[in-house]
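Welcome, and please have your viewer ready. We will go from stop to stop, selecting as we go.

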Amino acid sequence: MKISILIILTALLAACGSRTRTKQPGTAQEARIEFADSLHDFGAFAADSGVRRHLFLFRNVGAVPAAVVDVRLSCHCLSAEYTRSVVQPGDTGHVTLLFDGRQSASGFFDKTARVRFNSPKVQVLRVRGIKR
């Protein structure tokens with residue numbers, strides 16, 4: 001009896017595993033996002049000039065709705081605001097990165113945000129500049 005249950009469970013796990021392996025990247029089942037740009041240079045600015053911000057626009061070019069699932073920042077001096085609602089195919093959304101120079105040392109900086117959508121692809125956005 002136990003062996004029969006074990007064989008059935010093994011067969012079910014194998015069937016589930018084979019189904020997920022047959023999904024091809026880029027199919028209509030996953031979101032596809034295109035950003036207008038992925039790098040912004042703030043240039044040189046004074047340390048007391050406040051928070052710098054840049055708006056990164058993206059378009060859902062896939063056939064299914066897209067949503068930002070997670071944004072990972074490389075520094076405590078960086079924060080993010082982004083479209084929290086679902087972005088339908090053909091529509092646009094945004095990720096805004098805010099750099100607070102009061103929380104970082106003077107000099108050159110190059111900070112990243114890893115944006116994950118409901119797809120396997122992770123988009124890396126970068127902001128850089130020179131804080132004087």
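Helices (H or I, at least four residues) and strands (E, at least two) are DSSP runs, numbered from the N terminus. This is a predicted model, in which local features need pLDDT of at least 70, side-chain atom pairs count only at pLDDT 80 or more, and totals for chains, interfaces and linings use all residues. Residues are numbered from 1 along each chain as its sequence is written, and side-chain values use heavy atoms, with hydrogens and water left out.

Start with the whole protein chain in cartoon view. Buried residues (under 20% relative accessible area, 1.4 Å probe, protein chains only) make up 31% of the 132 in the protein chain.

Next, select residues 92–100, which are strand β6, and pick out Thr 96 within that strand. Is Thr 96 buried or exposed (over 50% relative accessible area)? Thr 96 is buried, because its relative accessibility is 5%. Now show its contacts, meaning heavy atoms within 4.5 Å. Beyond neighbours within four places in sequence, Thr 96 touches Arg 53, His 54 and Leu 55, as well as Ser 79, Ala 80 and Glu 81.

Move on to β7, residues 107–117, together with β4, residues 68–73: these strands run antiparallel, joined by five bridges. Strands count as paired if DSSP finds at least two bridges between them. Zoom in on Arg 72 to see Arg 114 of β7 opposite.

Select Lys 111 and look for Val 127, its bridge partner in β8.
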